[in-house]
Amino acid sequence: MPVIKDTGARATFPPFGEEHEELRETVTRFVSKEIAPNVDGWEDAREFPRELYGRCAELGFLGLKFPEELGGQGGTHLHDAVWVEELARSGGSGGVAAGLNAHTSIAMPPIFNFGTEEQKQRWLVPGIAGEKIGALGITEPGAGSDVAGISTFARKVDGGYVVNGSKTFITNGVRADFLVCAVKTTKEGGHGGISFLVLEREMPGYEVAQKLEKMGWHSSDTGELAFTDVEVPEENLLGEENGGFKLIMANFAWERLLMAIGAVGAMQRLIEISVNYSLEREAFGRPIGKFQATRHHIAEMATKAEASRAITYNSLRLFHEGHNCIKEVTMAKLVTQRAVLEIADQALQIHGGYGYMKEYGIERAVRDARLGPIGGGTDEVMKEILGKLMGL
Ligand SMILES: Cc1cc2nc3c(=O)[nH]c(=O)nc-3n(C[C@H](O)[C@H](O)[C@H](O)COP(=O)(O)OP(=O)(O)OC[C@H]3O[C@@H](n4cnc5c(N)ncnc54)[C@H](O)[C@@H]3O)c2cc1C
């Protein structure tokens, strides 16, 4: 195995300290041993085993940023960031990361941030323990980027709501025990008429309409859900009635930041694999890494990764310190999701025909990375946000 002198990784890099680096080592060991060797099989099966949540919970990874009294580790978003980055770097599967992180980082945080004590006990405690799996349901067949355009409607009745409508592209949608679900609670009102209800899979009228086939993220389940006269008690209302848009916005910041962090981890993996390959693979009697073209590919990849890491870690630091960092997070999401796709494509080029085969996981990286500029808000939406922030 050739010695890699410097592929852009840093042992420590602000905002991380020693304790985060120790966690990083633990996560890397776990992911390399218990996830990476199984990824090919899980991708073929189109899901990873549900037991993986239990195993991750046992090791404390599902509750890194949640308080100990709820069964968490009492850490911060920085601990979660380490987990997300290393899962991407050592795991090499967007699908496994999506399935685990949709639960920990987009479904559970609204319950933690907006839920009552009773709601935390009902969904967060078993969620952190890996006993109940969560999903976040915002997107609908008729409304993706235009969040205010959702039409799933919760009619107010005595003691609760009756919900009718559908959701699509929901990560963990097939296996989720609870769905943190955006609904309209007024016929008019746009942003102002959105509320969040926690729907549970055993509620009559709640149906998993189909498991979707997709280009990448194969080992994560992505579901389409249908609701027909689902009776939801009022104690399942999360936050204030008609105050759901605030919840969506609060969630987007962390979701987008974690997508950027995951991309940085994936970039690092692709660079390491490509450097190794270019030192081993020979053409015309010498390692392909000795061709200027290959060196330039790697140099470009490393530069994109370094720029991505810098903007992402800076956003993470601001987020962790409680600053308003919508601009930085939006930029980090925008730049990293394109960068990882370009880097995956360059890695594929370096691997030639072998990159196109399953063996090195490069073709999967390209497919998985393609979702980045779409999921969690498209590139176009990111640019709209930035334009508006600049007064345009
Ligand atoms: C695998 C996968 C997993 C997902 N997981 C979840 C999940 O767990 N929960 C969830 O709620 N959602 C989830 N999503 C949905 C995801 O967030 C949406 O796909 C995304 O928000 C875009 O919405 P859309 O697909 O309806 O695209 P649309 O909104 O229809 O946009 C399509 C295209 O139209 C153009 N466009 C749209 N709006 C604008 C604009 N304002 N300015 C300029 N151009 C514009 C852009 O080119 C854009 O790419 C997932 C999606 C996928 C594919």
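Biologist: Where is the place of serine 315, and why is serine 315 called buried?
Modeller: In this predicted model, serine 315 has its place in helix H8, residues 292-320. Buried means under 20% relative accessible area. Serine 315 has a relative accessible area of 0%, so it is called buried.

Biologist: Which residues does serine 315 touch, leaving aside those up to four places away in sequence?
Modeller: Serine 315 touches Leu257, Cys325, Glu328, Val329 and Ala332. A contact of this kind requires heavy atoms within 4.5 Å.

Biologist: Are lysine 65 and aspartate 80 buried or exposed?
Modeller: Both lysine 65 and aspartate 80 are buried.

Biologist: Why is the pair of glutamate 118 and arginine 122 called a salt bridge?
Modeller: Their side chains meet at 3.8 Å, N to O, and the limit is 4 Å, so the pair counts. Glutamate 118 and arginine 122 both lie in helix H6 (residues 117-128), four residues apart, about one turn of the helix. An α-helix has 3.6 residues a turn, so residues three or four places apart point the same way.

Biologist: What ties lysine 156 to glutamate 241, and where do the two residues lie?
Modeller: Their side chains meet in a salt bridge of 3.3 Å, N to O. Lysine 156 lies in strand E2 (residues 153-157) and glutamate 241 in the loop between strand E8 (237-238) and H7, so the pair ties together parts that are 85 residues apart in sequence. Lysine 156, with a relative accessible area of 52%, is exposed, whereas glutamate 241, with 32%, is partly exposed.

Biologist: How many salt bridges does the structure hold, and which residues are linked in a network of them?
Modeller: The structure holds 22 salt bridges. Glu21, Arg24, Glu85, Glu86, Arg89 and Glu272 are linked in a network.

Biologist: What makes helix H10 largely enclosed by the rest of the structure?
Modeller: Eight of the eight residues of H10 (residues 362-369) are buried, so the helix is largely enclosed. Among these buried residues are Glu363, Arg364, Arg367 and Asp368. Their cover includes helix H2 (39-45), H5, H7 and helix H9 (326-356).

Biologist: At what angle do H5 and H7 pack, and which residues make the contact?
Modeller: Helix H5 (residues 94-114) and helix H7 (residues 244-280) pack at an angle of about 145 degrees, with their axes 10 Å apart. The crossing is right-handed. H5 contributes residues including Asn101, Ile106 and Phe114, and H7 residues including Lys246, Trp254 and Leu258. The residues of this contact divide into eight nonpolar, three polar and two charged.

How values were computed:
Residues numbered from 1 in each chain as written. Predicted model: local features only at pLDDT ≥ 70, side-chain atom pairs only at ≥ 80, totals over all residues. Heavy atoms only, no water. Axes fitted to C-alpha atoms, helices over the stretch in contact; angles between N-to-C directions. Left-handed = near helix turned anticlockwise from the far one by under 90°. Nonpolar A, V, L, I, M, F, W, Y, C, P; charged D, E, K, R; others polar. Buried < 20%, exposed > 50% of the residue type's maximum accessible area, 1.4 Å probe, protein only.
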